Amino acid sequence: MPVERVTGEDFWILCRILKNNPYINGLDVRYNLISDVGVSYAAKLLQKQHNLIYLNLMFNDIGPEGGELIAKALHKNTTLKHLRMTGNKIENKGGMFFAAMLQINSSLEKLDVGDCDLGMQSVIAFATVLTQNQTIKGLNLNRPILYGEQEESTVHLGHMLKENQCLVELHMCKHDIKNCGMKQLCDALYLNRSLRYLDVSCNKITQDGMVCLANVLKSNTTLEVIDLSFNRIENAGANYLSDALASHNRTLKALSVVSNNIEGEGLVALSQSMKTNPTLSNIYIWGNKFDEATRVAYSDLIHMGRLKSDNTDVEPFVVDGHVYLAEVSNGLKRHYYWTPGYGEACSPSSNAGFTLVPVGQYL
C-alpha cells in the first residue's frame, strides 16, 4: 500500500519540534524523501540540538550538496555518536567532505557511508584520515565506485589498519577485493590490535586469500567476527580456516561462509573445528553444497548443544530417515537494511555481528 513519506519541507517541522527537546536522543527517518532540502534543516538541528547521539538518514535522496551540509555541521557538533548516510548518493565530492570532517570532529564513533557511490579518491581520504583519528570505532565503506584492477583501496586501508589502534569494526563489502588485496589486509592485521569485526563479503576472494587469513588467525587475538559471505573460498579455503580454528585461534566468535561454493569436505571440516574450539559460537553456512555428511555433522552439533539454533542459519529436520537442513533467518546483519514485518527488529540472532561486537548506539 502507498505510504506517505516525509519530504524535505516536512522535515523542517520535525526539526523545529526537536530543536529544544532535551529528551529525544535518537532520530530514525530512513527511507523517506528528505533530499538536500531537508538536509539543510538537519544540519541546523545538529548545530543547535545538544542531545542527539544517533541520526539515521539512510536512503533519502541526499546528494553531494546535502552530504557537504551534514559534514560541515559536524565540524562543531560534539554530541552525535552514530550517523548513517547509507544509500544516499553523496558521491566522491560528498565523501571528501566527510573525510575532512573526521580531521576535526572528535565525538563521532560510528559512520556508515556504504552504498553512497564514493570514489577511489574519497576512500583513500578516509584511510588517510583514520591513521590519525582516534575516535571512530566503526566505519562502513561498502560498495564504492572503483575503477581499475590495482586494488588501491585495500592498499590504503591496509596501511591505515597498521597505524590505527582504535577502529573496532570495518565493512568492506563489494570492494572488488581479490587475493592480493586480502594479503594486504592480512599483513596489516598482524600489527593491528583493535579490529574485532571485519566484513569482506561480496568480493572475489578465493582459497589463496584464505591461506593468508588462516595464518593471521593463528596469532591474532582480537578478531571476533569475520564475514566472508559471497566469495569463493571453496573446500581448500574452508580447510585452511578450520585448521587454524581447531588448533590455534581461541578468540574468533563468529564466522560466515555463506555462498562460497564449499562442498561437504570443507563444511564438515569447519564443523569438526567447533568440537575442539570452545570460543567459536556462531557459524553461517547456507548457500553452499550440502551432502549427507554435512547435514549429519551440523545436525549433531545442534542436537548436542555445541551449536545453538540461534547462532546458525540452518535447522535440521528428518524425512524418511534422512537428515536435511532448512534455512533460518539468522545472520551477522540480516536486518541491517530493513525491518521485518513481525518479530523483533533488532533480535540478536538476526544481527549477531553487532551483538557480539557492539559499537555505537542503536544497533
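**Close-up 1. The buried side of helix H4.** In helix H4 (residues 91-101), Asn92, Gly94, Gly95, Phe98, Ala99 and Met101 are buried. Here buried means under 20% relative accessible area, exposed means over 50%, and partly exposed is what falls in between (1.4 Å probe, protein chains only). These buried residues of H4 pack against helix H3 (64-73), strand E3 (82-84), E4 and H5. Helices (H or I, at least four residues) and strands (E, at least two) are DSSP runs, numbered from the N terminus. Before you go on: this is a predicted model, in which local features need pLDDT of at least 70 and side-chain atom pairs count only at pLDDT 80 or more, while totals for chains, interfaces and linings use all residues. Residues are numbered from 1 along each chain as its sequence is written, and side-chain values use heavy atoms, with hydrogens and water left out.

**Close-up 2. Leu83 and the nonpolar cores.** A nonpolar core is a set of buried Ala, Val, Leu, Ile, Met, Phe, Trp, Tyr and Cys residues joined through side-chain atoms within 4.5 Å. The largest one here has 89 residues, and those with the most contacts inside it are Leu83, Phe98, Leu111, Leu255 and Tyr298. Apart from that core lies another, of 12 residues, including Val168, Ala254, Ala352 and Val359. Now look around Leu83: if you skip its neighbours within four places in sequence, Leu83 is in contact with Leu55, Ile70, Leu74, Phe98, Leu108, Lys110, Leu111 and Asp112. Contact means heavy atoms within 4.5 Å.

Close-up 3. The structure holds 17 salt bridges, each a side-chain nitrogen of Lys or Arg within 4 Å of a carboxyl oxygen of Asp or Glu. In this one, the side chains of Glu169 and Lys110 meet at 3.1 Å, N to O. Glu169 sits in strand E6 (residues 169-171) and Lys110 in strand E4 (residues 110-112), so the pair ties together parts that are 59 residues apart in sequence. Are the two partners buried or exposed? Both Glu169 and Lys110 are buried.

**Close-up 4. Salt bridges between loops.** Arg143 and Asp117 join their side chains in a salt bridge (2.2 Å, N to O). Arg143 lies in the loop between strand E5 (138-140) and helix H6 (152-163), and Asp117 in the loop between E4 and helix H5 (120-129), so this pair links parts that are 26 residues apart in sequence. Arg143 is partly exposed, at a relative accessible area of 22%, and Asp117 is partly exposed at 22% as well. Another salt bridge pairs Asp176 with Lys204, their closest N and O atoms being 3.1 Å apart. Asp176 belongs to the loop between E6 and helix H7 (179-189) and Lys204 to the loop between strand E7 (197-199) and helix H8 (207-217), so here the parts tied together are 28 residues apart in sequence. Asp176 counts as partly exposed, with 24% relative accessibility. Salt bridges that share partners also join Lys89, Asp115, Asp117 and Arg143 into one network.

**Close-up 5. Helices H10 and H11 side by side.** The axes of helix H10 (residues 264-276) and helix H11 (residues 292-303) come within 9 Å and cross at roughly 20°. That makes H10 roughly parallel to H11. Axes are lines fitted to C-alpha atoms, for helices over the stretch in contact, and angles run from 0 to 180 degrees between N-to-C directions. Angles under 35 degrees count as roughly parallel, over 145 as roughly antiparallel, 65 to 115 as roughly perpendicular and the rest as oblique. Which residues meet in H10 and H11? Gly264, Leu267, Val268, Leu270, Ser271, Met274 and Lys275 in H10 meet Ala293, Thr294, Ala297, Tyr298 and Leu301 in H11.

**Close-up 6. Helices H2 and H3.** Helix H2 (residues 35-48) and H3 pack at an angle of about 0°, their axes 9 Å apart. H2 is therefore roughly parallel to H3. On the H2 side the contact is made by Asp36, Val39, Ser40, Ala42, Ala43, Leu46 and Gln47, and on the H3 side by Glu65, Gly66, Leu69, Ile70 and Ala73.

**Close-up 7. Ser350 in its loop.** Ser350 lies between strand E12 (322-327) and helix H12 (352-356), in the loop. At 4% relative accessibility, Ser350 counts as buried. Leaving aside its neighbours within four places in sequence, Ser350 is in contact with Ser329, Asn330, Gly331, Leu332, Lys333, Arg334 and His335.
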